[in-house]
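Let's take a walk through this protein chain together. Have the sequence and the 3D view ready, and follow along as we go from one part to the next.

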Amino acid sequence: MKTKPYVNDVNLNTLEDWLNWLETLHPKEIELGLDRIRCVLDKLSLAELPFRTIIVGGTNGKGSCVAMLDSIYRCAGYRVGAFTSPHLWRFNERIRFNGQEIFDEPLIELFRCIEDARGLTTLSYFEYSVVAALLYFVRNKVELALLEVGLGGRLDAVNTIDADASLVVSVELDHQDWLGKDRESIGREKAGIFRSGRPAVVADRNPPKSLLIHAQQLGSSLRLIGRDFDSSGTRGIWNYKGWGLSKENLPIPSFGGQEQLDNMAGCLAIIESMDECLPVELPVIPRGLSAAQLAGRTDRHVRGGVEWIFDVAHNPAAAQVFADEVIQFPSPRYTWAILAIMRDKDLSGVVAPFIDVVDRWIVTSTDSERSVNAEILGGLMETEGASNVCSLADVMAACKLVGRLAESGHRVLVFGSFYLVGPAMTALALYSASSQTGDQSARWTGT
């Protein structure tokens, strides 16, 4: 296989230069496997890490769980690193230390270190980001790293880490081309993040048998929602009951909806499982949950009397959760939807929950090469039973059209992809990033 030039042979001055170059480094955008990244981690002395690690896997809810665990452990006084993907606006979102995104310059310096170490070993864009995160966490002397699985689990780059505890939030149909055609196959892949003798928390109320069998054969310390721990509550407060810890009248984070009950229970089960090495005092938990932030999950904003609701839901299970949440809100005069979707997603499953909810659809394309062309998507929508469908070539045009036509009392749903939600929020001035000389963390504006 022919490799790309070394970094010294190309002109890379900015983070954008680096990211564009990284997209060309490996011949495949997605290539599951651990050998290449292990080789690079060994060269960087990252095979064994000097801090605790928790891996979070699952189809939906991973980002929410990382956000809540990050907030709780930081409120408890720990130095916490968090790695997530994909990002909404900036690559820097993927790597955070104590709640702050990494700055461009240290990120570029990390990339140079990785480049010096990798030799002839090529890494995918995602693998490169995983190595950069681990190197950054070591340099910042974190006490805990929270690592979100990118795709699957068993062969995901994050799984090179011998985690102290693992959480599988949910198992649903997604990425079937890589993980298998049914929940049993997918569950087997996601169970790959479990470790022998270590906590393996499952927050899916109907886990595939394959996942349970793998955990039992491995000898993991399996904890199941509904058996070993559980959640109960309403939209205002909730209660957690574990095998040794119980806590009532807990707050629900501002992001997401009712599905966060089980996500939060999974997080507290992880905290309970890790109590001996990472103790958290009970009063810290409600503070951490209240302080947790995450954009793009049932994310509501009002502009000129029009309510815009953003959600990165891009598979049938996530779309159904989003739809169930939306119908609980006060009924609007009229509902618009802006939709973009990737070619490998289940369009029927994503659209079906909204057919009777949406009055007019605006379909568009994102900058991703995997995005379905807007014109093609418009034709497909009609076969799915959608009415009043308009196709626009790009996200900015779609937002401008709806912004011009939507009236006070109307509602706009924006969903289907991370690659849609981030640019749409930018188009509506709901996000800005400060300069490199100041606080570079993401900022959300508006109500």
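In this predicted model, begin with a sheet of three strands, arranged in the order 9-10-11. The sheet is open, and its pairing is antiparallel. Strand 9 and strand 11 (246-251) sit at the edges with a single partner strand each, so one side of each has no neighbour in the sheet. From one strand to the next, the twist averages 25°. What holds such strands side by side? Strands of a sheet pair through backbone hydrogen bonds, in either a parallel or an antiparallel way.

Now zoom in on one pair. Strand 10 (residues 237-241) and strand 11 are joined in the antiparallel sense over four bridges. You can pick out a bridge for yourself: Lys241 has Ser246 in strand 11 as its bridge partner.

Two helices lie across this sheet. Helix 10 (residues 284-291) lies across strand 10 and strand 11, at about 30° to strand 11.

Next, look at the loop between strand 8 (221-224) and strand 9 (230-233), where you will find Asp228. Is Asp228 buried or exposed? Asp228 is buried, because its relative accessible area is 17%, and the cut-off for buried is under 20%. Leaving aside residues up to four places away in sequence, Asp228 touches Leu222, Arg223, Lys241, Gly242 and Trp243.

How many disulfides does the structure hold? The count is zero. Take Cys267: its closest cysteine sulfur is in Cys65, 3.8 Å away, which is too far for a bond, because a disulfide needs the two sulfur atoms within 2.5 Å. Cys267 counts as buried, at 1% relative accessibility. For Cys39, the closest cysteine sulfur belongs to Cys113, and at 16 Å it is too far for a bond. Cys39 is partly exposed, with a relative accessible area of 28%.

Finally, zoom out to the whole chain. Its secondary structure comes to 15 helices and 19 strands. The radius of gyration is 21 Å, close to the 22 Å given by the globule rule for 447 residues, so the chain is as compact as a globular protein of that length. Along the principal axes, the C-alpha atoms fill a box of roughly 60 × 55 × 45 Å. Of the 447 residues, 58% count as buried. The accessible surface comes to about 18400 Å², and carbon and sulfur atoms account for 48% of that. How do the parts of the chain come together? Among contacts between residues at least 6 apart in sequence, 72% join residues at least 24 apart.

Terms used
Residues are numbered from 1 along each chain as its sequence is written. This is a predicted model: local features need pLDDT of at least 70, side-chain atom pairs count only at pLDDT 80 or more; totals for chains, interfaces and linings use all residues. Side-chain values use heavy atoms; hydrogens and water are left out. Buried means under 20% relative accessible area, exposed over 50%, partly exposed in between (1.4 Å probe, protein chains only). Contact means heavy atoms within 4.5 Å. Two strands pair if DSSP finds at least two bridges between them. Axes are lines fitted to C-alpha atoms, for helices over the stretch in contact, and angles run from 0 to 180 degrees between N-to-C directions. The radius of gyration is taken over C-alpha atoms; the globule rule is 2.2 Å times the number of residues to the power 0.38. Accessible areas come from the Shrake-Rupley method with a 1.4 Å probe; for residues, only the protein chains shown count as cover.
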